[in-house]
Amino acid sequence: MASDEPKAKKPKLSEEEKPEPPPKENAVKISTNSLFGMGNPLLDICAVVDKDFLDKYSLKPNDQILAEAKHKELFEELVKKFKVEYYAGGATQNSIKIAQWMIQEPHKVGTFFGCIGKDKFGDILKQKAEEVHVDAHYYEQDEEPTGTCAACITGDNRSLVANLAAANCYKKDKHLDLEENWKLVEKAKVYYIAGFFLTVSLESILKVAKHASENNKLFCMNLSAPFICQFFKDNLMQVMPYVDVLFGNETEAAAFAKEQDFDTKDIKEIVRKAQALPKDNKKRQRVVVITQGKDETVMAQSDKIETFPVVKTDPKYIVDTNGAGDAFVGGFLSELVQEKPLDQCVKAAHYAANVIIQRAGCSFPEKPDFK
């Protein structure tokens with residue numbers, strides 16, 4: 001017998017309760033710890049300062065330097081005198097956190113290894129990495145303090161002072177070789193290490209790079225700075241046979257070409273010659289991606305050289321270009337780890353860089369708007 005009671009209306013589901021849409025045909029299910037990064041973790045300390053502060057520490061308004069003895073008090077004074085914001089920083093960690101932001105779910109797709117101190121700044125760095133859902137496993141030691149990067153902002157300018165400190169103290173045998181840590185390396189399918197880490201632990205990079213090569217996984221590296229191509233050339237070339245994806249910008253590419261006697265300044269020729277350098281894993285041909293600021297990005301893949309225009313931005317909206325390179329790589333990795341086509345990886349890279357340059361520091365809105 002039919003009930004006379006009125007049928008209860010189905011409650012509306014909140015956004016959280018709505019069932020997930022079915023995965024797209026070509027979507028790859030992404031799991032935690034799929035993306036692995038290792039590098040120099042720095043706590044970015046950003047503050048708007050005055051000219052007197054710059055003058056006191058002989059800083060130029062728009063510059064990037066390594067801290068010297070005369071900058072010893074700068075970091076503490078910055079925290080005491082000005083309103084500061086903290087971010088988990090350092091080139092590789094920036095790229096991993098941008099990739100995680102682009103991916104959103106699940107959390108902890110990105111794993112990060114690096115060395116910090118057992119101190120207040122180290123605790124803040126751990127908290128900041130957790131806030132952006134990066135699975136950071138730091139080697140903690142008490143000989144050196146946590147590495148920091150002071151971003152002293154005056155108007156549209158940022159003067160960066162980096163003190164690597166603990167970041168220089170990473171030890172393969174004390175951290176990477178530990179069974180529970182190496183298991184995290186084995187879980188990954190895409191690896192990224194910025195060239196800056198070549199100055200810290202070549203043996204750690206080689207262990208990870210060889211694992212990737214032997215298991216036909218993707219190992220990515222960044223030229224990072226002209227001085228890496230010049231003064232750490234031997235270390236770089238020991239790793240190069242294992243590099244599946246090589247990143248850099250136009251000034252780094254020019255320095256690399258000069259050191260390698262490529263005898264050309266043409267970016268397309270440089271990427272072609274870099275692609276042709278000896279490679280250990282013959283199953284994958286090397287991909288080389290060179291950015292050129294607001295000019296087109298050049299990529300060598302398979303037997304062709306392609307160019308991709310960047311997203312145009314009105315200069316009045318550009319706040320800070322410092323994190324653009326790290327963001328580009330992060331965007332690229334976010335699609336690479338999902339096995340998307342390379343042109344889609346570049347599209348995501350350009351999107352991420354475009355978002356970051358319109359904000360102070362390597363920071364981002366809550367969610368990406370990338371299609």
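Which strands does helix α3 lie across, and at about what angle does it run to β4? Helix α3 (residues 91–103) lies across β2 (42–48) and β4, at about 90° to β4. Contact here is heavy atoms within 4.5 Å; axes are lines fitted to C-alpha atoms, for helices over the stretch in contact, with angles from 0 to 180 degrees between N-to-C directions. Helices (H or I, at least four residues) and strands (E, at least two) are DSSP runs, numbered from the N terminus.

The model is a predicted one: local features need pLDDT of at least 70, side-chain atom pairs count only at pLDDT 80 or more, and totals for chains, interfaces and linings use all residues. Residues are numbered from 1 along each chain as its sequence is written, and side-chain values use heavy atoms, leaving out hydrogens and water.

As for the sheet, five strands make an open one, ordered β3-β8-β7-β2-β4, with mixed pairing. Its edge strands, β3 (63–66) and β4 (84–89), each pair on one side only, and the twist averages 20° from one strand to the next. Pairing takes at least two DSSP bridges between two strands. Antiparallel β7 (residues 148–154) and β8 (residues 157–163) are joined by seven bridges, and A151 sits opposite L160 in β8.

Then the cysteines. With a disulfide taken as two cysteine sulfur atoms within 2.5 Å, the count is zero.
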